[in-house]
Amino acid sequence: MARTLLLDLDGTLVDTVPDIAAALNRLMAARSLASFAPPEVASMVGDGVAVLISRAFAARGVAPDDAALKAFAADYEENVAVESRLFPHVRPVLEGLARDGWQFAVCTNKPERASRTLLAALGILPLLRAVGGGDSFPVRKPDPAHLLATLEQAAGDAGQALMLGDHRNDVLASGGAGISCIYAAWGYGAPGMGEGSAAVARDMIEAADLANQLLPRFA
């Protein structure tokens, strides 16, 4: 059976903060609220759209109105790939790992449709066996069932799988699923979020090396 690398999206494969921040700031402006700088938005990313909106409005001392979540989701989906870019080395590393017998699946708390639109725009979608979004299943990260359901869609096996992500949710979910996690130190998460991971990678090239060490081809 092929080895499966489960991949987080925001902050791991793609620098999505520019487009998330733009959509969020348009939402704030429409409600006469102050905008956010990209680093502020990065600190709020990782737990899904509803949590992002809740955190943003809380930071401005107000509760989100009933239309806020839907308005943001629609705006962001239409503008999901304007300025978002793959992190360095993502494509060549994935292509190299594929030649070495790996398969890939994205497991993200971002809604599935927006995730697929973004991945397609960046040319990565054809490399993936599955995309498990935050609304694809009844649960989402850090629930390990999110990883396991995504892995099942990819026809993978937990004994031949690793997780790569930049958030504590990735570490917690993979630990609960019995899957080792490589922490993506280049992403949006604070360094302490990598606690409990099997290894820490500084970039995608190092992540690939660590993946092959943690799960050798003929283990």
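This is a predicted model: local features need pLDDT of at least 70, side-chain atom pairs count only at pLDDT 80 or more; totals for chains, interfaces and linings use all residues.
Student: Which residues of helix α6 are buried, and where do they sit around the axis?
Tutor: Helix α6 spans residues 112-121, and among its residues Ala114, Ser115, Leu118 and Leu119 are buried. Because these four cover an arc of only 130° around the axis, they fall on the same side of α6. On the other side of α6, Arg113 and Ala121 are exposed. The buried residues are therefore Ala114, Ser115, Leu118 and Leu119, and their place is the same side of α6.

Student: What do the buried residues of α6 pack against?
Tutor: Their partners include two strands of the open six-stranded sheet, β4 and β5. They also pack against β2 (14-15) and against helix α4 (68-78). The elements asked for are β2, α4, β4 and β5.

Student: What is the strand order of the open sheet, and which strands are at its edges?
Tutor: Six strands make up this open sheet, and their pairing is parallel. Neighbouring strands are turned by 25° against each other on average, with direction ignored. The order is β5-β4-β1-β6-β7-β8, and the edge strands, each pairing on one side only, are β5 (128-132) and β8 (199-201).

Student: How many bridges join β1 to β4, and which residue is the partner of Leu5?
Tutor: Strand β1 covers residues 3-7 and strand β4 covers residues 102-107, and the two run parallel. The number of bridges joining them is five, and the partner of Leu5 in β4 is Phe104.

Student: Is the peptide bond from Lys141 to Pro142 cis or trans?
Tutor: Pro142 has its place in the loop between β5 and α7. The omega of the bond from Lys141 to Pro142 is near 20°, and the bond is cis.

Student: Which loops hold His89 and Ala155, and are these residues buried, partly exposed or exposed?
Tutor: His89 lies in the loop between β3 (85-86) and α5 (90-99), and Ala155 is found in the loop between α7 and β6. Each has a positive phi although it is not a glycine, with about 75° for His89 and about 60° for Ala155. The relative accessibility of His89 is 37%, so His89 counts as partly exposed. With 45% relative accessibility, Ala155 likewise counts as partly exposed.

Student: How are the rings of Phe72 and Tyr76 arranged?
Tutor: A search of the whole structure finds two aromatic pairs, and one of them is formed by Phe72 and Tyr76. Because they are four residues apart in helix α4, the two are separated by about one helical turn, and both are buried.

Student: What is the distance from Arg60 to the ring centre of Phe36?
Tutor: Arg60 lies over the face of the Phe36 ring. Its distance from the ring centre is 3.8 Å.

Definitions and conventions: Residues are numbered from 1 along each chain as its sequence is written. Side-chain values use heavy atoms; hydrogens and water are left out. Two strands pair if DSSP finds at least two bridges between them. Axes are lines fitted to C-alpha atoms, for helices over the stretch in contact, and angles run from 0 to 180 degrees between N-to-C directions. Buried means under 20% relative accessible area, exposed over 50%, partly exposed in between (1.4 Å probe, protein chains only). The arc is that of the directions from the helix axis to the C-beta atoms. Contact means heavy atoms within 4.5 Å. Rings of Phe, Tyr and Trp (its six-membered ring) pair if their centres lie within 6.5 Å; planes under 30 degrees apart count as stacked, over 60 as edge-to-face and the rest as tilted. A charge sits over a ring if NZ of Lys or CZ of Arg is within 6 Å of the ring centre and within 35 degrees of the ring normal.
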